[in-house]
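Subject: Handover of a structure and notes on its contents

Dear colleague,

Please find below the structure that I am handing over to you. I would ask you to keep it open while you read the notes that come after it.

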Amino acid sequence: MHSYQFPRQKVLCDEKPYSRELLRSLLEVVYSSSVPFTGYLKVAGIGSDLHFLFFLKGAPYAAGRYQKDKPVGYSIQDFGRILASSDDKARSITLCQTDPILLKCMLLFLQTEPDIKAPTSLIDIERIVRHFAEEGNNVIIALCRDRKISFFFKAGKRALAYYSDMAFKRPEGMNIDEEIQLYAFQRPEEIVQAFIFRDMPASKAADVDLYNKDLLFTLLTVGYLKNKRRGDGEVSPATVLEIDKVLAVPQEPSLSSVVLSIESGPQQGGCFTVTLPCVIGRNNCDLVLDDNHISRRHAELKLVENTLVIEDLASRNGTRVNGEKITVMQLNPNDLITIGPINLRVSPA
């Protein structure tokens, strides 16, 4: 099956057959680089999915996968379990070095629901980007054409393009807005899907601090680590901002979004940055949690006088915060929200 393509900058290993020896040598490259390595390790050939392990400044940062044409954020431990349990003969491995901005574009795409998702024929990209800019937001645009996903980053006068479609010839003299329009509408007969994000922090995985080179190799080949202590690898609220400090991208001071980390349930290990207000429920909601114990519209996160509040929306099984059943309650960083069998840890974005 023809797989999706993502942008690649400096390719250090290109779609080579997977082996433990090759994996060990690539981790050696990552950890011994004279310039701290930023980029990703991609594994293809596990079904139709693509699996990514991201590194920032020489250390693991997050993982994600593109599964059944949909992005799914998951933990580094999940990445290790899947890699260790799959068939070596079917897999290929790629190592690419990137700049931090491309890394962030890919992380957002694999971790976060976009603010807007639609075919380019149905939306006015230029007007939307201009509107976001007027609100003081940076913008990340992903355009998918012929299963090739390209990214465009805009922050004030700063603009960058990252193409996975190597057949596309960048025109000279065009600004980034004109390039986006050209790429989106150059072939009217093709459907181009647009994913548009207001800039937001990309989330660091909760378990990254567990791994030096040897422990990471063990996880990726065995699928687990022995003697993992309870509480190891828990994320603190500040860590979700680390990549944005590297990028030196200014953030809006007002609270407009929060990070929800799933600590139990079928989506355990997922991490989502949600824009407020955010309705959580089983379907047709801002954050969809697929479980029969969760009501269609279960609870809402919102701001009341710039204070984060959760309200139960008359759900069948109720909503709990730190074990207490609530109707409406103010939230604080690290509070634990329970909706059906799913626990969500809330932290600042």
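The notes below take up the sheet and its helices, then the cores, the salt bridges and a hairpin.

The model is predicted, so local features need pLDDT of at least 70 and side-chain atom pairs count only at pLDDT 80 or more, while totals for chains, interfaces and linings use all residues. Residues are numbered from 1 along each chain as its sequence is written, and side-chain values use heavy atoms, with hydrogens and water left out.

Helices (H or I, at least four residues) and strands (E, at least two) are DSSP runs, numbered from the N terminus. Two strands are said to pair if DSSP finds at least two bridges between them.

Five strands form an open sheet in the order β7-β11-β8-β9-β10, with antiparallel pairing. At its edges are β7 (116-119) and β10 (158-162), each of which pairs on one side only. On average, neighbouring strands of this sheet are turned by 15° against each other, direction ignored. Such angles run from 0 to 180 degrees between N-to-C directions, and the axes are lines fitted to C-alpha atoms, for helices over the stretch in contact.

Five bridges join strand β9 (residues 148-155) to β10 in the antiparallel sense. Phenylalanine 152 stands opposite alanine 161 in β10.

Two helices lie across strands of this sheet. Helix α3 (residues 100-111) lies across β8 (139-145), β9, β10 and β11 (193-198), at about 115° to β9. Helix α5 (residues 176-185) lies across β8, β9 and β10, at about 160° to β9.

**The nonpolar cores**

In soluble globular proteins, nonpolar side chains tend to be buried together. A nonpolar core is here a set of buried Ala, Val, Leu, Ile, Met, Phe, Trp, Tyr and Cys residues joined through side-chain atoms within 4.5 Å. Buried means under 20% relative accessible area, exposed means over 50%, and partly exposed lies in between (1.4 Å probe, protein chains only).

The largest nonpolar core has 33 residues, and those with the most contacts inside it are Phe6, Phe109, Ile149 and Phe151. Two or more residues each come from β2 (39-46), β3 (49-56), β4 (59-67), α3, β8, β9 and β11. Helix α3 gives the most to this core, with nine residues. A second, separate core of 26 residues includes Cys13, Leu27, Val43 and Leu53.

Which residues does isoleucine 149 touch, leaving aside its neighbours within four places in sequence? Among them are Tyr4, Phe6, Tyr66, Phe109 and Leu143, where contact means heavy atoms within 4.5 Å.

**The salt bridges**

Side chains of opposite charge can pair when their charged atoms come close. A salt bridge is a side-chain nitrogen of Lys or Arg within 4 Å of a carboxyl oxygen of Asp or Glu. The whole structure has 12 salt bridges.

One of them joins lysine 42 and glutamate 15 (2.8 Å, N to O). This pair links distant parts of the chain, with lysine 42 in strand β2 and glutamate 15 in strand β1 (residues 10-17), 27 residues apart. Lysine 42 counts as buried at 10% relative accessibility, whereas glutamate 15 is partly exposed at 35%.

Another joins lysine 154 and aspartate 177 (2.8 Å, N to O). Lysine 154 belongs to strand β9 and aspartate 177 to helix α5, 23 residues apart.

Glutamate 190 and arginine 145 also meet in a salt bridge (3.7 Å, N to O). Both belong to a network of salt bridges that links Arg145, Asp165, Arg187 and Glu190. Is arginine 145 buried or exposed? Arginine 145 counts as buried, at 1% relative accessibility.

**The hairpin of β21 and β22**

Strand β21 (residues 336-339) is covered on both faces: Leu336 and Thr338 on one side, and Ile337 and Ile339 on the other, are all buried. Four bridges join β21 to strand β22 (residues 342-348), and the two run antiparallel. Their hairpin has two residues between the strands, and glycine 340 takes a positive phi near 60° there.

Yours sincerely
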